[in-house]
Amino acid sequence: EGVQVKNDAETLCYQVEKQLSELKDKMSTADADDLRKKMAAVRESIAGDIEDPEAVKQKTKDLQEVSWRVTQQAYQQSSSEGGEATQDSKFEEEKKQEKK
């Protein structure tokens with residue numbers, strides 16, 4: 001169980017790091033700091049042997065909830081800005097694909 005908990009936590013931390021870089025212009029500094037703080041707590045709890053899988057699960061759940069909230073706010077913000085944001089993101093995606 002400890003291995004699965006650790007893998008889930010590491011995967012979520014990776015996703016949150018990606019979210020921080022992709023949505024940095026769309027999230028508040030407070031939200032970004034909250035994500036970083038919760039991510040640090042998760043990473044700290046999975047460093048070394050996991051003695052309390054339930055505690056790790058709770059910290060992972062807390063991070064997941066903040067991540068969902070921030071993502072939802074960012075997408076609501078971009079959709080309220082109109083189609084312009086959609087065009088920009090499509091263009092950026094095309095540029096990323098060309099670089100690969």
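A: α1 and α2 cross in a left-handed sense. This is a predicted model. The two helices pack at an angle of about 155°, and their axes lie 10 Å apart. An angle over 145° counts as roughly antiparallel, so α1 and α2 are roughly antiparallel to each other. On the α1 side, the contact is made by K6, A9, E10, C13, Y14, V16, E17, Q19 and L20. On the α2 side, A32, L35, R36, M39, V42, R43 and I46 take part. By class, the α1 and α2 contact holds 10 nonpolar residues, one polar and five charged.

Next comes α3, taken with α2. Helix α2 covers residues 29-46. Its axis and that of α3 come within 9 Å and cross at roughly 155°. That angle makes α2 roughly antiparallel to α3. The crossing of α2 and α3 is left-handed. From α2, the residues that meet α3 are D31, D34, L35, K38, M39, A41, V42, S45 and I46. From α3, the partners are V56, K59, T60, D62, L63, V66, S67, R69, V70 and Q73. The contact of α2 with α3 has nine nonpolar, four polar and six charged residues.

The remaining pair to describe is α1 with α3. Helix α1 runs over residues 2-22, and helix α3 over residues 53-80. Their axes come within 10 Å and cross at roughly 25°. Angles under 35° count as roughly parallel, and α1 and α3 are therefore roughly parallel to each other. Their crossing is left-handed. In this contact, α1 uses V5, A9, L12, C13, V16 and Q19. Helix α3 uses P53, V56, K57, T60, L63, Q64, S67, V70 and T71. The classes here are nine nonpolar, five polar and one charged.

Now the pocket. The second largest pocket has a volume of about 170 Å³. Both α1 and α3 supply at least two residues of its lining. Helix α1 gives the most, with five residues.

Notes
Residues are numbered from 1 along each chain as its sequence is written. This is a predicted model: local features need pLDDT of at least 70, side-chain atom pairs count only at pLDDT 80 or more; totals for chains, interfaces and linings use all residues. Side-chain values use heavy atoms; hydrogens and water are left out. Axes are lines fitted to C-alpha atoms, for helices over the stretch in contact, and angles run from 0 to 180 degrees between N-to-C directions. Helices (H or I, at least four residues) and strands (E, at least two) are DSSP runs, numbered from the N terminus. Angles under 35 degrees count as roughly parallel, over 145 as roughly antiparallel, 65 to 115 as roughly perpendicular and the rest as oblique. A crossing is left-handed if the near helix is turned anticlockwise from the far one by less than a right angle, and right-handed if clockwise. Contact means heavy atoms within 4.5 Å. Ala, Val, Leu, Ile, Met, Phe, Trp, Tyr, Cys and Pro count as nonpolar, Asp, Glu, Lys and Arg as charged, and the others, Gly among them, as polar. On a 1 Å grid over the protein atoms alone, a cavity is a set of points where a 1.4 Å probe fits but cannot get out, and a pocket is an open set with protein on both sides within 12 Å along at least five of seven lines; lining residues have an atom within 4 Å of a point. Grid points are joined across faces, edges and corners, and a volume is the space filled by probe spheres set on the points.
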